[in-house]
Amino acid sequence: MYEPIRTKSVHRMADDDQNAYPHRSREEELDIQLAGHLAALLAVTDELGDAEAGDLVARQVARLRGAPPARHAGLSGSNTPSLHRRAHALAGRALVVAASRADTAAAILAAERMDAHTAALAAAELATTP
């Protein structure tokens, strides 16, 4: 009836090539995410001029990446309250990822940074109200 197939199929199953490219574990992906959020927080912290907090954040980034981070070189020109809001949001994202990967040190640091930026925003609001 039909002639048998004599050549190898050009089609492959989706899982045939699983080892053809490197895969990262969930923990490695979370490390990369957390380091990214903390590096962004470091840039804003440096722009705010908080060297002590910047050093704490830089240590966590270095621990996650295995190398010291590049420190912020330029200024965005944003006003201080908007920088504090941005830093608060970045610290919140870092806290979520740190909690997800059960990184207590990074979670505590992120929570402390959120508190510090909340306090700075509240102080700035009090200073502008008559």
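Colleague: Why are α1 and α2 called roughly antiparallel to each other?

Modeller: This is a predicted model, and the label rests on one angle. The axes of α1 and helix α2 (residues 51-65) cross at roughly 155 degrees. Angles over 145 count as roughly antiparallel. The angle passes that cut-off, so α1 and α2 get the label. Their axes come within 9 Å, and their crossing is left-handed.

Colleague: Which residues make the contact of α1 and α2?

Modeller: From α1 come Asp31, Leu34, Ala35, Gly36, Leu38, Ala39, Leu41, Leu42, Thr45 and Asp46. From α2 come Ala53, Gly54, Val57, Ala58, Gln60, Val61, Leu64 and Arg65. They divide into 11 nonpolar, 4 polar and 3 charged.

Colleague: Now the whole chain. How many helices and strands does it have?

Modeller: There are 4 helices and 0 strands. From the N terminus on, the order is α-α-α-α.

Colleague: What makes α1 and α3 roughly antiparallel?

Modeller: Helix α1 (residues 26-48) and α3 pack at an angle of about 160 degrees. The cut-off is over 145, so α1 and α3 are roughly antiparallel to each other. Their axes are 9 Å apart. The crossing of α1 and α3 is left-handed.

Colleague: What kinds of residue make up the contact of α1 with α3?

Modeller: On the α1 side, the residues include Leu30, Leu34, Leu38, Leu41 and Val44. On the α3 side, they include Leu83, Ala87, Leu90, Ala94 and Val97. The residues of this contact divide into 14 nonpolar, 5 polar and 4 charged. Among them are Arg26 and Glu47 in α1 and Arg86 and Arg93 in α3. These count as charged because Arg and Glu belong to that class.

Colleague: How do you know how α3 and α4 run relative to each other?

Modeller: Take the angle again. The axes of helix α3 (residues 80-100) and helix α4 (residues 104-128) cross at roughly 155 degrees and come within 8 Å. That is over 145, which means α3 is roughly antiparallel to α4. α3 passes α4 in a left-handed crossing.

Colleague: Which residues meet there?

Modeller: In α3, they include Pro81, His84, Ala87, His88 and Ala91. In α4, they include Ala107, Ala110, Met114, His117 and Leu121. The contact divides into 13 nonpolar, 5 polar and 2 charged.

Colleague: Is histidine 117 buried or exposed, and how do you know?

Modeller: Histidine 117 is found in helix α4. Its relative accessible area is 2%. Buried means under 20%, so histidine 117 is buried.

Colleague: What is histidine 117 in contact with, leaving aside its neighbours within four places in sequence?

Modeller: Leu41, Leu48, His84, Ala87 and His88. Leu41 and Leu48 are in α1, and His84 and Ala87 are in α3. His88 is in α3 too.

Colleague: Is alanine 102 buried or exposed?

Modeller: Alanine 102 sits in the loop between α3 and α4. Its relative accessible area is 66%. Exposed means over 50%, so alanine 102 is exposed.

Colleague: What stands out about phi of alanine 102?

Modeller: Start with the general rule. Most residues other than glycine have a negative phi. Phi of alanine 102 is near 60 degrees, a positive value.

Colleague: Why is isoleucine 32 called partly exposed?

Modeller: Isoleucine 32 lies in helix α1. Its relative accessibility is 45%. That falls between the 20% and 50% limits, so isoleucine 32 counts as partly exposed. Its C-alpha atom is separated by 7.6 Å from that of leucine 64, 32 residues apart along the chain.

Colleague: And what makes alanine 67 partly exposed?

Modeller: At 36%, alanine 67 falls between 20% and 50%, so it counts as partly exposed. Alanine 67 is found in the loop between α2 and α3. Leaving aside its neighbours within four places in sequence, alanine 67 is in contact with Val61 and Ala62.

Colleague: How many of the 130 residues count as buried, as a percentage?

Modeller: 27%. The accessible surface of the chain comes to about 9000 Å², of which 56% belongs to carbon and sulfur atoms.

Notes: Residues numbered from 1 in each chain as written. Predicted model: local features only at pLDDT ≥ 70, side-chain atom pairs only at ≥ 80, totals over all residues. Heavy atoms only, no water. Axes fitted to C-alpha atoms, helices over the stretch in contact; angles between N-to-C directions. Helix = DSSP H or I, 4+ residues; strand = E, 2+ residues; numbered from the N terminus. Parallel < 35°, antiparallel > 145°, perpendicular 65-115°, else oblique. Left-handed = near helix turned anticlockwise from the far one by under 90°. Contact = heavy atoms within 4.5 Å. Buried < 20%, exposed > 50% of the residue type's maximum accessible area, 1.4 Å probe, protein only. Areas by Shrake-Rupley, 256 points an atom, 1.4 Å probe, with all protein chains shown as cover.
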